[in-house]
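Have a look at it first, then read on.

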Amino acid sequence: MIRQRTLKSVVKATGVGLHGGRKVTLVLRPAAPDTGVVFHRVDLDPPLALPADPYAVCDTRMCSGLEKDGHKVGTVEHLMSALAGLGIDNLHVDVDAPEMPILDGSSAPFVFLLQSAGIEEQPAAKKFLRVRKTVEYVEGDKWVRLEPYDGFRLSFSIVFNHPAIDSTSTQVTIDFAEQSYVRDVARARTFGFMQDVEFMRANGLALGGSLENAIVMDEYRVLNAEGLRYADEFVKHKVLDAIGDLYLCGHPLLAAYSAHKAGHALNNQILRVLLEDREAWEIVSFDQNEATPPAVAHQFAPFPAFA
């Protein structure tokens, strides 16, 4: 049986929010089977719970945030991506600010935190959301699609017309039947352009951004002294974001995702298109090993070598 997972112990970290620039304390706590991922604004009185939910997504300008009763938790996608990559179903996430910490701009620090706490299998079957028919969302020259697939595969292409990006691969396919989330995706950082920083900060965004938590480019080149972590880091970060955005549906997907020039808004829209077509999906579990597709068995092996 492919089982649900949570953490073995509590783990804590501090950092700054990318857009608000505020210090944030983050606490990750184990949760019971079928709880899902629940964010808690513990700085409010009383604390406010915001469950992962595609219909609670707000403000997709530069991140994915959740909103309830006028209160937000922003930039949830990097943690959600790490949870999807490690197969963690149930978790309480306590934050004392309206935004998650950006840490190094990738999901690798969240992977480290989760692995440090230990990952525990639970006595309940993991529930997958299986796509049964193709759905698509198009917005001008941008599009995103989900198709039936016995596993989880993502294909992404980007167009930025910038020499630093165009000199790298602008298309990538990641199939978790063969590839490792931690090795192949998790270290890809968010990125931005110096010429956009003044505009973004005037609009209350990127106040916490720096060379420590993003790839930053001028008109011609990458400014980070260490360069890129992957030859195709830009497009891989878009895949990292998509994994986190899609996991807001509450279950790991059995699907092939493909997108061109998409971002947080389109990722959220495709989930809504999918969920609103009741014939396009079903919830499934694999209670017997022989019924498990090989790609799923590989991705969610009981004691995987994540690194």
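## A serine tucked away

Let's start with Ser-107: its relative accessible area is 0%, so this residue is buried. Keep in mind that the model is predicted. Ser-107 sits in the loop that links β9 (91-95) to α2.

What does Ser-107 touch, once residues up to four places away in sequence are set aside? The list is His-78, Ala-82, Tyr-181, Ala-186 and Leu-240. With Tyr-181 there is also a polar contact, side chain to side chain, at 2.7 Å.

## Two domains, side by side

The protein splits into domain 1, covering 3-125, and domain 2, covering 128-300. Taken over C-alpha atoms, the centres of the two domains are 18 Å apart.

How many residues are in contact across the two domains? Domain 1 puts in 40 and domain 2 puts in 39. Interface size is often quoted as the accessible area lost when the parts come together. Here, about 3000 Å² is buried between domain 1 and domain 2, with carbon and sulfur atoms giving 61% of that area.

## What goes on across the interface

On the polar side, 18 residue pairs are in polar contact between domain 1 and domain 2, with both residues at pLDDT 80 or more. Two helices, α1 (77-86) and α2 (108-117), each supply at least two residues of the side of domain 1 that touches domain 2. Of that side, α1 gives the largest share, at nine residues.

As for salt bridges, the count between the two domains is one. Elsewhere on the charged-residue list, the side chains of Asp-104 and Arg-229 pair up in a salt bridge, with N to O at 2.9 Å.

## The annotated histidine

His-264 lies in helix α7, which covers residues 264-275.

Is His-264 buried or exposed? Its relative accessibility is 11%, and the cut-off for buried is under 20%, so His-264 counts as buried. Leaving out neighbours within four places in sequence, His-264 is in contact with Thr-60, Met-62, Cys-63, Ser-64, Glu-77, Asp-241 and Asp-245. One of these, Asp-245, also makes a polar contact with His-264, again between side chains, at 2.9 Å.

Methods. Residues are numbered from 1 along each chain as its sequence is written. This is a predicted model: local features need pLDDT of at least 70, side-chain atom pairs count only at pLDDT 80 or more; totals for chains, interfaces and linings use all residues. Side-chain values use heavy atoms; hydrogens and water are left out. Helices (H or I, at least four residues) and strands (E, at least two) are DSSP runs, numbered from the N terminus. Buried means under 20% relative accessible area, exposed over 50%, partly exposed in between (1.4 Å probe, protein chains only). Contact means heavy atoms within 4.5 Å. A polar contact is a pair of N or O atoms within 3.5 Å; within protein, one must be able to donate a hydrogen and the other to accept it, and residues adjacent in sequence count only if both atoms are side-chain atoms. Domain bounds come from an automatic or database domain assignment. Buried area is the accessible area (1.4 Å probe) that two parts lose on being put together, summed over both. A salt bridge is a side-chain nitrogen of Lys or Arg within 4 Å of a carboxyl oxygen of Asp or Glu.
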